Structures are given as structure tokens and as C-alpha cells.
Amino acid sequence: HSKKKLLNKKVLVTAGPTYEKIDPVRFIGNYSSGKMGFALAEKLAEQGAQVVLVAGPVSLKLAHPSIQRIDVQSASEMHEACLQHFPQMDAAVMCAAVADYRPKKIASQKIKRQAREMFIDLEATADIAASLGKLKTNSQLLVGFALETNDEAQNALGKLQKKNLDFIVLNSLQDQGAGFGVDTNKITILSKDNNVQLFELKHKTEVAADIVEKLTQELAKL
Ligand code: C5P
């Protein structure tokens, strides 16, 4: 048997998409399944961590009984839950596919079909990872994800700096079997000390184990 490596560590994980309401029956969402974030939460808990999982709307269940799950819908609800919990955490892994924009106004009644064209005014949501990056202390670790289609490493490094992350997990949509909806993923981990680690295509549970291993090593350095 192997010793649990994250006993007494508290880790926040965000997972899944967010839904931004348009009217009582419609929303703006995305195809994130939440599988990567849920797999991470399970692996962290297996290592003895106390996990708070802030989950957008997904149809997933957790196996590990000790994970504290907070279900939210919108980016703003996710942001609020993260701000509440982050100060008590040793690390946060931002795995959610948060909407970048939301409707400026939510219609109180179902919007009726009218003209041939219609427009919805959008406004930017808060960048949750960046906002935790501003609050981060020297004894906390912040991890982000980047899903890229081009100039992958350069874009990922830009996000790492902008959001004040310690490392970022890059998925390229150019890789077969990586990204939304599938059970596998192929990642590259880029660290703020310019270290780059390439990984093979694996099941998301094994990818989660690699990320948890990296997180454990980095926590030990703090
Ligand atoms: O900038 P981009 O959305 O590509 O960055 C992705 C990373 O930032 C992910 O870790 C994601 O969870 C996080 N993020 C966030 N809040 C947002 C947008 C992205 O936490 N509003």
C-alpha cells in the first residue's frame, strides 16, 4: 500500500461548464462534461486531501464520500463560491469552462419570436482564476487549464502570467482524443519556472493522477 500524500491539505477544484441565463427557459453554455475536474477531485481525495468541488451543471456523480460538492449554475455563482473558500485552501485547480460573456439582462418572460434577426447584449464575466491569482499568498498554489487550437504553448504561458498561476495544464484541440466530451486527454504542463512536461494520451483518470502528482511536488516546495 502507498501512503496518502495530501493528508491535511485543502484543495478547491472547479469543474464543468457554466450556464448564463437568457430568459427563464434559455441559456448560453458550452460542451464541457466536467469529467476532468471530477476525476481530479476524486484523485485528490484518494490522496487524503479535503476537497471542495465547485461544479457547474453536469450530470456526474462522485464516488468519494468526503468531497464537499457545491453545485452552481452561472460564472458569477461559481466566482462567489470560490472567493468564499479560497482563503482556507492550500491549492486551487481551475478546471471549469467558465463562460466569458453573459447576457446583460435576463428577460423575466420567455422571449417571443419576432423579427428575422435578434440580438442579445453581452457583458464580460469575472475571470475567476485571475481573481484568485490576485488573492493568492506565498503558501498557496494556483493551477489553471488552457484549451487551445493554435500557438498553444505561447497562449498557455500568457494565461499563466496574466492569471498568476503556478502551473497550467494545456490541452490542444489538434490532438485526437483530447478535449470536450471524450474520456481521454493529452496534456502538457507548463510551469512558471519555464519547465515543460509532455504526457501521453491517457484516460482522464490517469491524467488526473499525473496532475495530482505535479501538484503534490509543487506543494512540497512551498
Ligand atoms: O483565458 P481562458 O479562459 O482560456 O483560461 C482558462 C483558465 O482560466 C482555466 O483554468 C479556467 O478554469 C479559468 N477561467 C476562470 N474564469 C473565467 C475564465 C477562465 O476561472 N471566467
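1. In this predicted model, the buried residues of helix α2 (residues 75-85) are A75, M78, H79, A81 and C82. They lie on the same side of α2 because they cover an arc of only 165° around the axis. An α-helix has 3.6 residues a turn, so residues three or four places apart point the same way.

2. Strands β1, β4 and β5 belong to an open sheet of 8 strands with mixed pairing, in the order β5-β4-β1-β6-β9-β10-β12-β13. At its edges are β5 (68-71) and β13 (196-198), each of which pairs on one side only. On average, and with direction ignored, neighbouring strands of this sheet are turned by 15° against each other.

3. Within the sheet, β10 (residues 167-172) and β12 (residues 187-191) are paired in the antiparallel sense over 5 bridges. Opposite I168 stands L190 in β12.

4. Helix α1 (residues 35-46) lies across β1 (10-15), β4 (50-55) and β6 (91-94). Relative to β1, the helix runs at about 165°.

5. The ligand is surrounded by 14 residues, and the closest are M94, V98, I128, A129 and G144. By class, the shell comprises 9 nonpolar, 3 polar and 2 charged residues.

Note on methods: Residues numbered from 1 in each chain as written. Predicted model: local features only at pLDDT ≥ 70, side-chain atom pairs only at ≥ 80, totals over all residues. Pairing = 2+ DSSP bridges. Helix = DSSP H or I, 4+ residues; strand = E, 2+ residues; numbered from the N terminus. Axes fitted to C-alpha atoms, helices over the stretch in contact; angles between N-to-C directions. Contact = placed C-beta atoms within 7 Å. Buried ≥ 20, exposed ≤ 12 C-beta atoms within 10 Å, placed from the backbone. Arc of directions from axis to C-beta. Near = placed C-beta within 6 Å. Nonpolar A, V, L, I, M, F, W, Y, C, P; charged D, E, K, R; others polar.
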